[in-house]
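Dear colleague,

Please find below the structure that I am handing over to you. The findings follow directly after it, grouped by topic.

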Amino acid sequence: MKSLDIHKSEYLKQFKDQTYGRNLFRTQEEERLDAPNEECGIFGLYSDNDLDTFSLSQFGLFALQHRGQEACGISVLKDGKITNMKDEGLVLDVYKEIQEPEAFMGNSAIGHTRYTTAGDKKKYNFQPFFAKNEYDQIILSIAHNGNLTNARELKNELEAEGVVFRATSDSEVILRLIQKNLDLGLRGAIKATMEKIEGAYSVVGMTRNKFFAFRDFNGIRPLVLGAVDEKTYVVASESVALDAVGAQYVRDILPGEIIYTNENEPGKLQSYMVNEAKGKQRICSFEYIYFARPDSTLENINVYEIREKSGEKIWHQAPVEADIVIGVPDSGVPAAIGFSKASGIPFRPVLIKNRYIGRSFIVPTQEMRERVVNLKLNPIISEIKDKRVVIIDDSIVRGTTSKRLVKILKDAGVKEIHFRSVSPPIIAPCYLGIDTPSKDDLISANMTTEELRDYLGVDSLEFLSTDNLKEILGSSNHCFGCFTEKYPVEKGEEIELFN
């Protein structure tokens, strides 16, 4: 048997040149219905010198592909002119559509890879968003990760002042507020915007001579800062995007902080805290459980280590006698390794991935759609037949994917199935940038653990406790809203942001 260290090494190595797939048992349709979905990844690059921003932004966004597969876009600053390109599709597919890469090589770039939260799936909602002057020149461009909870109110105020909205996304509210206040200077415009907007937001952006980034007062959505050299800076949702472009991690951008460049001091990055007393660290705990790539580091915490510790912790919380432990690729594997390390039960990677399959097939029936899962992942029956199996998964949302997984294992002849979720029960939707089903569709909000165990048809079922999750993370300074229904900010209107 391979050592667990070798399993860890092989597991992490694959994501350097392949897209990270969180839970490969979910069909594309179920990624929207039976999973909490992060809405996007953002990336920004600035240098005092001209760079191959076309390639570097492509590398950075590819590293963030797991954060959104619906659309991709970039804005590039070259010789004082901003050029924008965005389209539906995966990062590499969108970049292939760019006919003249030279037009996207300059000294600054921002990019976005999208999963829908607020706003519908029309091209005018793809990011980056940009604002133009009376000469039809782009003067401001931003990319946003998160959700505003007072977007409707602010949109109504701006429309009453004559501001015209072109999209149906809350991100445009941020753009228009900055644009409206530019007479205060860039820093003043961002400060005025942050004092108006509420919710979760990490933003990167540029004007025709400046680069900037800022983060909400609770730091709910991640945003990290890196440097290629003393005059070249990178900002991204996760540290893996820094690695992809050869940048060194410097630190996380602080809650309530603006970083920006000043044309009077080329190459120097400025920092400004909008309201230090208001800033608190409440990063989303689900980033560590599910959203982030396992080789990322957020707030100086390594994601892989948290996931492995969660497997160790749930063994101590709910030990069981079994012959083998398996994890659902990709997000459940580190926890399965941790469970094996703590329990001594052998870890086996018996769910084999087909690395050549695309995201989706066009199939008309539910029966055929379910067969797509077997093309993505197929169990090695000889390893699990007549065995007592512990299956480690990242979470249970609606329960449909988990139920299908149990059926696949039973069809393979498994003797006993012990299901372990390394997130606490998800009992509440997220209003701060994560697309989760309504409370009526969250199975743990409507069933006891015993009822859910019977529904899934497993021999035992356990969830990691919220207290144990806090212990693993090392503090309570995170957002646990989907587990506790207590949020770091008011959840706002429970209606669509825009008609």
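In what follows, a residue is called buried if its relative accessible area is under 20%. Please note that the model is predicted. By that criterion, Tyr201 and Phe214 are both buried.

These two residues also form an aromatic pair. The ring centres of Tyr201 and Phe214 are 6.0 Å apart and the ring planes stand at 65°; because an angle over 60 degrees counts as edge-to-face, the pair belongs to that class. Tyr201 belongs to strand 8 (residues 199-207) and Phe214 to strand 9 (residues 211-215), so that the pair links distant parts of the chain, 13 residues apart.

Phe214 has a further aromatic partner in Phe212. Here the centre-to-centre distance is 6.3 Å and the angle between the planes is 15°, and the pair is stacked. Phe212, like Phe214, is buried. Across the whole structure, the search returns 13 aromatic pairs. Elsewhere, one aromatic cluster is made up of Tyr11, Phe15, Tyr20 and Tyr304.

Turning to the strands, strand 10 (residues 224-229) pairs with strand 11 (residues 232-236) in the antiparallel sense, over five bridges. The two form a hairpin, with two residues between them. Strand 10 also runs antiparallel to strand 12 (residues 248-252), to which four bridges join it. Val224 illustrates both pairings: its bridge partner in strand 11 is Ala236, and in strand 12 it stands opposite Asp252.

Finally, some totals for the chain. It contains 18 helices and 25 strands. Of its 499 residues, 59% are buried. Among contacts between residues at least 6 apart in sequence, 72% join residues at least 24 apart.

Yours sincerely

How values were computed
Residues numbered from 1 in each chain as written. Predicted model: local features only at pLDDT ≥ 70, side-chain atom pairs only at ≥ 80, totals over all residues. Heavy atoms only, no water. Pairing = 2+ DSSP bridges. Phe/Tyr/Trp six-rings, centres within 6.5 Å; stacked < 30°, edge-to-face > 60°. Buried < 20%, exposed > 50% of the residue type's maximum accessible area, 1.4 Å probe, protein only. Contact = heavy atoms within 4.5 Å.
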